[in-house]
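Biologist: Let's go through this one together, starting with the surface.

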Amino acid sequence: MQLFEQPVYFMYLLIALGGLAGIYWLGARLKRRIAAILFGPAAYARLSGGGDAWQWLKTALFVAAVCFAFAALARPQWGLEIVKAEGDFAQTVIAVDVSASMRARDVHPDRLDSAKNMLRMLISHLQNERIGLIAFTSQAYIQCPITTDEDALKYFISSLQPDMLPVAGTSLAAPVKLAAHMLAKYPGKKALIILTDGEDHEPDELKEAQNVAQQEGIRIIAIGIGTPEGELIPQRTDVSGRVLEYKKDREGKTVVSKLDQQSLAALAQATQGVYIQYTTPAQVAAKVEESVKDLDRSRSVSSSRARYKNRYQIPLLLAVLCLAAALALPFRPCRKPAPETEEKKVK
């Protein structure tokens, strides 16, 4: 622990004291010279009388006031306090498809890595957002609860991998329902950003998910990643990334994964959202940022931490008292009138 948060001000104090000493010395020398010129060599001592002692006291109080003022600027600190930071935040959940089809390389380097690159850029831009992260296939799982911690979000985004979940397939309804549960306690309009190739193997649940999103005031921003023409799905690769085998279905046919823009556009339109086809990370991040800028915000605690208590009030009070005392003291003490002599009494 540092006793002073800004100890550099003590260096400034030394400079200030040096300057004050120089000014005082030059001022005293100038006063003596002027008095000597006008009234003679011994005039200054007679004019100052007994005031020098009081002047030294006033000077000492003024110097003490300066020292205490710089001590207050140095911010003395001791004792701990808990500080809570509050802010107004919008609420957004990001759902990322981690099914096997996200290995397809119709978007460089592949669909999932492209999605992660865009999300890292987006998170850096959404400074006033409270964000959660979901990974989904045919089921959805929370990877990061709703938070304002940018570093935590980027860590969990980087950890996303194809087939990381214990279930296969793809369902758009699963992340919508889970996001609605996560966002239920927040008032106003919220957003769900879905990154997927749109291949929905459980379309019957999609209507129910749309109704849930509408009831919770969730705007869905669907980002389609891939191409309508489709691409083969790598199953095995070597250390250099060269594909050794492509994914096959149960009949032994090579699987081609195609972007289903129609399902994603319908899902977004049903919730007054927007559909965005993936192009480049910067372009998509800019479009998403534009789409969520009018979300409702709520005030809450964003973080809390322990810090040392700032005790600048103590030296500041002492500085004010010293300065007030210096200004209140007269230049010289009031002298009692000299007692009358016997000779004057007789007269």
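Biologist: Which helix gives the largest share of the nonpolar patch?
Modeller: Helix H10 (residues 313–328), with four residues. Helices are DSSP runs of H or I with at least four residues, strands are E runs of at least two, and both are numbered from the N terminus. Mind you, this is a predicted model: local features need pLDDT of at least 70, side-chain atom pairs 80 or more, while totals for chains, interfaces and linings use all residues. Numbering starts from 1 along each chain as its sequence is written, and side-chain values use heavy atoms, without hydrogens or water.

Biologist: And where is Leu-3?
Modeller: Leu-3 sits in the segment before helix H1 (8–39).

Biologist: New topic. At what angle do H4 and H5 pack?
Modeller: About 175° for H4 (residues 111–125) and H5 (residues 150–158), with axes 10 Å apart; axes are fitted to C-alpha atoms over the stretch in contact, and angles run from 0 to 180 degrees between N-to-C directions. So the two helices, H4 and H5, are roughly antiparallel, the label for angles over 145 degrees.

Biologist: What is phi of Asp-163 near?
Modeller: Near 60°, a positive value in a non-glycine residue. Asp-163 is in the loop between H5 and helix H6 (173–183). Most residues other than glycine have a negative phi, and most peptide bonds are trans.

Technical notes
Parallel < 35°, antiparallel > 145°, perpendicular 65-115°, else oblique.
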